[in-house]
Amino acid sequence: MSSILLCSAPLTGHVVPMLAVGKALIETGHSVSILTGNKFAQRADSAGITHIPLPPECDFDEHNMEAAFPGRSRRPGPLRSRFDLERIFVASMSAQFRAVERIIESTSVDAIAAENLFMGLIPLLSGSPASRPRVFAICTSPLMCTSIDTAPFGPGFPPSSTRVGRIRNQALNAVFEHGILRAAQSSADRQHQQLTGTPIPEFVLNWPILADETFVLTTESFEYPRSDRDHRLTFSGPILSTSSSDFTPPTWWNDLDGDRPVVLVTQGTLDNGDLNRLMEPTIRGLADQDVLVVATTGGRPISDVSATAENLRVAEFLPYDQLLPKVDVMVTNGGWGGVHYALAHGVPLVVAGTTEDKAEICRRVEISGTGINLRRGTPRARSIATAVRRVLDDNAFRTRAQELQRDLSELSASATIAATIAGASENVTPPSGSQLH
């Protein structure tokens, strides 16, 4: 039996896939622990995974980010993404690394798997592979790594592999690394120097390529093509949870089986502080359309939805695996999990997001042909209604979504990742703590 350590920033969309991998490892007889936020202790325990709390200085509540990081909410999309990288994820690197170091020194760890916003493994990966456990990176978002065929991650620039496009990519990547994201990179380098005595070996967003193997939680047909793709990188498909058997449908559930097309609108669970960014305009824009609108608030009280319409049905949460087979179009701000739930059910999309990694996800929806990207975080009601009507009328979007549905159905991420980690950990002797930096 091998001992596996999972690591994740305290974000639901990143922790949940890691727990699924851990559960698959446990089912095959391995011992699993997870280093993440305190609020996820119960979830870890329910999965049979030992919870190890992050140090307080790098733990936070994703539902109250403004309290932990004052001024964050006032920044527009691109500036907020830069703020998050520098002030949240890079700033956590030293504390995360020290926590991992203590775990390795005090217990036997055969392998470590971390999601891509957990920066604390960068110092560990800078040493000799013989001096550490095997390390696996799991990308719970679009692939952030630099490529000659892609522009910098964040703004949602389209990729290009033409000669002119690659010149553009090179120039923009340099501007981001040495200009726009200079503070984040400098902070990471300073911490790395203090921890290891050596400069950071890579641009901070590229750290997953330092791992022994890297998994991206999507299908290759949804990601940008990269001619310089590393052979250790695997597209494993998403990890999507299923609903519990005790789901009680709302009283209006049977309305979904009527003659009207069903349009689902959601702002997810993280960027739903202002429902007037997407949910309310969608409700208003579709109020006089021959569709049924289902709005899910991501945990906010139903009373927070001020817009009303005869064709509107509202719930805090609905299990996607039961809801999406009844949905014709999904309107979303582009969360990674929600988009993949839709694609896994062959549902085309209308997307409008600019915060976190959403501009990148929305651009991938556009380029993959699975939906319409409104390219704004706060689209107008009329624009949303026009896009929804176009997706309903043009079967090409649904056809393309169904093609990705078939791709995704052939992948089993948690089983594939768990098997790879377990196989590698059983063939490698873990180093002693004295060999760490």
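Me: Hi! Is cysteine 7 buried or exposed?
Reply: Hello! Cysteine 7 is buried, and its relative accessible area is 0%. Keep in mind that we are looking at a predicted model.

Me: Good to know. How many disulfides does the model have?
Reply: The count comes to zero disulfides. Cysteine 7, for one, is in no disulfide, and the nearest cysteine sulfur, in cysteine 58, is 11 Å away.

Me: Okay, new topic. Where is glutamate 62 found?
Reply: Look in the loop between strand 3 (50-53) and helix 3 (65-68). Glutamate 62 counts as buried, at 4% relative accessibility.

Me: What does the side chain of glutamate 62 make a polar contact with?
Reply: Its partner is the side chain of threonine 12, at 2.3 Å.

Me: I also spotted serine 94. Which helix does it lie in?
Reply: Serine 94 lies in helix 5, which covers residues 93-106. With a relative accessible area of 18%, serine 94 is buried.

Me: Which residues is serine 94 in contact with, leaving aside neighbours within four places in sequence?
Reply: Those are Gln191 and Leu195. With glutamine 191 there is a polar contact, side chain to side chain, at 2.9 Å.

Me: Let's talk helices. At what angle do the axes of helix 11 and helix 14 cross?
Reply: They cross at roughly 95 degrees, and the axes come within 7 Å. Helix 11 is residues 336-344 and helix 14 is residues 395-409. The two helices are therefore roughly perpendicular to each other.

Me: Which residues meet there?
Reply: From helix 11 you have His340, Leu343 and Ala344. On the helix 14 side they meet Ala401, Leu404, Gln405 and Leu408.

Me: Switching to the backbone: what is phi of glutamate 356?
Reply: Phi is near 50 degrees there, a positive value in a residue other than glycine. Most residues other than glycine have a negative phi. Glutamate 356 is in the loop between strand 12 (349-351) and helix 12 (358-368), and it is buried, with a relative accessible area of 15%.

Me: And what about phi of arginine 375?
Reply: Arginine 375 has a positive value as well, near 60 degrees. You'll find arginine 375 in the loop between strand 13 (371-373) and helix 13 (381-393). Arginine 375 counts as exposed, at 53% relative accessibility.

Me: Staying with helix 13, is valine 391 buried or exposed?
Reply: Valine 391, which is found in helix 13, counts as buried at 4% relative accessibility.

Me: What does valine 391 touch, not counting residues up to four places away in sequence?
Reply: It touches Val329, Pro348, Leu349, Val350, Ile372 and Phe397.

Me: How far is valine 391 from arginine 284 in space?
Reply: They are 18 Å apart, C-alpha to C-alpha, and 107 residues apart in sequence.

Me: Next, where does aspartate 290 lie?
Reply: Aspartate 290 lies in the loop between helix 9 (279-285) and strand 9 (292-296). At 53% relative accessibility, aspartate 290 counts as exposed.

Me: Last one: where is serine 126 found?
Reply: Serine 126 is in the loop between helix 6 (122-125) and strand 5 (134-139). Serine 126 is partly exposed, with a relative accessible area of 27%. Its C-alpha is separated by 28 Å from that of glutamate 223, 97 residues apart along the chain.

Definitions and conventions:
Residues numbered from 1 in each chain as written. Predicted model: local features only at pLDDT ≥ 70, side-chain atom pairs only at ≥ 80, totals over all residues. Heavy atoms only, no water. Disulfide = S-S within 2.5 Å. Buried < 20%, exposed > 50% of the residue type's maximum accessible area, 1.4 Å probe, protein only. Helix = DSSP H or I, 4+ residues; strand = E, 2+ residues; numbered from the N terminus. Polar contact = N/O pair within 3.5 Å; in protein donor to acceptor, adjacent residues only side chain to side chain. Axes fitted to C-alpha atoms, helices over the stretch in contact; angles between N-to-C directions. Parallel < 35°, antiparallel > 145°, perpendicular 65-115°, else oblique. Contact = heavy atoms within 4.5 Å.
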